[in-house]
Every structure is written in structure tokens, then in C-alpha cells.
Amino acid sequence: MGIINSEIKPFNATAFKSGEFVEISEADVKGKWAVFFFYPADFTFVCPTELGDVADKYEELQKLGVEVFSVSTDTHFTHKAWHDSSETIGKINYFMVGDQTGTITNNFGVMREGQGLADRATFLIDPDGIIQSVEISAEGVGRNADYLMDKVKAAQYVRKHPGEVCPAKWKEGEATLAPSLDLVGKI
């Protein structure tokens, strides 16, 4: 999958956010960090647990300058109905994007062939609109917003500190690495 370090493709869509329908495009992503959080469908089983988990981290993500766009092939009307009828989904304050044409889902390469549903996938986009991280999970495997937070912080650190990298299990404030020949074979 050659999507890492590629630029997001153009799109236009309607999203439900803060009680309103709003028009969004790739232009709304540029200039800030963004998470595109794809999921198969509204009114399902694993999806609300994941979306609720991200909702619990949304304020912290906002403090890091990150906007969240949850995306399914449902309509923005369905997103509103789900938001209005579910306590878990009702706490969502981020964009719930309707992608009934499949444009965004196909742009990111996560459309399930012949099903019209998105895979369970997360993309971290930098302020230049470049994809920095991808996570795709099987249907029955939910994602973890704490893990997403760690990836966001690591990607932001690496962007601010060229020449440094974050090792496995890195947490904010821990030591990083500066790749060099001196490290080869010693880690």
C-alpha cells in the first residue's frame, strides 16, 4: 500500500457537526493535523464503541491541533439520527462525514469491494495534507484511541524535530533516537 507520504485527494462532502450540516472538502484539512476515522456503518456494534472512545479524547486531540473526521458511507442524515438516538454517539463533537458516493472511502483505498462499506481504518494527516500513519483492522477488531493519541504525539514530535525518530512504545517526554551508523546493530 503506497499511501504513506501521499497527499490526500480532493473531495466534497456534507458532515454532521455540533447539531448542523456543514460542507467540507480537502481544503478544510490543510493547515492542521487531521484524523480520518473510517468505519463500516452507523447503528452497528463495534463502531459506536470506537467512535465513543475517540469522542472521549476529542478535547485532548483539539489541544494538540488535531481535527477528527469520522467517515462512513451512510448519509449525513443518518449520522444525525444516530447522534440523536444514542447516548454514546450523542457525545461526539467532531465531524461525522457522510460519504454515500464512496468518493472519500475510495480515495483512501478502504472501500470493501462489492459491499459499499468502509473498512475499519484510521489515517493521520499532517498540516500539509500528507498521510503520516495508517491503521486498518478486521471487521471484529476495534481500535484504541489511546494508541491513536500516542501516534499523533509521535508524528508531531518527529515533524518538529527533524533528524529524530520515536522508537517502539514511545511516550511523550521519553527519549528519542537520532539515526546514525553508530546505532546500527546496537539496538
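This is a predicted model: local features need pLDDT of at least 70, side-chain atom pairs count only at pLDDT 80 or more; totals for chains, interfaces and linings use all residues.
1. Cys-47 carries the "active site" annotation in an unreviewed UniProt entry. The residue sits in helix H1, which spans residues 46-63. Cys-47 counts as buried because its relative accessibility is 2%, and the cut-off for buried is under 20%.

2. Look next at what surrounds Cys-47. Leaving aside neighbours within four places in sequence, Cys-47 is in contact with Tyr-39, Pro-40, Ala-41, Trp-82 and Arg-120.

3. Two of these contacts, Tyr-39 and Trp-82, also pair with each other. The whole structure holds 14 aromatic pairs. Tyr-39 belongs to the loop between strand E3 (33-38) and H1, and Trp-82 to helix H2 (residues 76-85), so the pair ties together parts 43 residues apart in sequence. Both Tyr-39 and Trp-82 are buried.

4. Trp-82 has a further partner, Phe-43. Their ring centres lie 5.8 Å apart with planes at 40°, so this pair is tilted. It links distant parts of the chain, 39 residues apart: Phe-43 is in the loop between E3 and H1, Trp-82 in helix H2. Phe-43 is partly exposed at 48% relative accessible area, while Trp-82 is buried at 4%.

5. There is also a phenylalanine cluster. Ring pairs join Phe-11, Phe-36, Phe-38, Phe-69, Phe-95, Phe-108 and Phe-123. Lys-17 lies over the face of one member, Phe-95, at 5.2 Å from the ring centre.

6. Arg-143 lies over the face of Phe-37, at 3.7 Å from the ring centre.

Methods
Residues are numbered from 1 along each chain as its sequence is written. Side-chain values use heavy atoms; hydrogens and water are left out. UniProt positions are given in the numbering used here, feature names are shortened, and annotations may be inferred rather than shown by experiment. Helices (H or I, at least four residues) and strands (E, at least two) are DSSP runs, numbered from the N terminus. Buried means under 20% relative accessible area, exposed over 50%, partly exposed in between (1.4 Å probe, protein chains only). Contact means heavy atoms within 4.5 Å. Rings of Phe, Tyr and Trp (its six-membered ring) pair if their centres lie within 6.5 Å; planes under 30 degrees apart count as stacked, over 60 as edge-to-face and the rest as tilted. A charge sits over a ring if NZ of Lys or CZ of Arg is within 6 Å of the ring centre and within 35 degrees of the ring normal.
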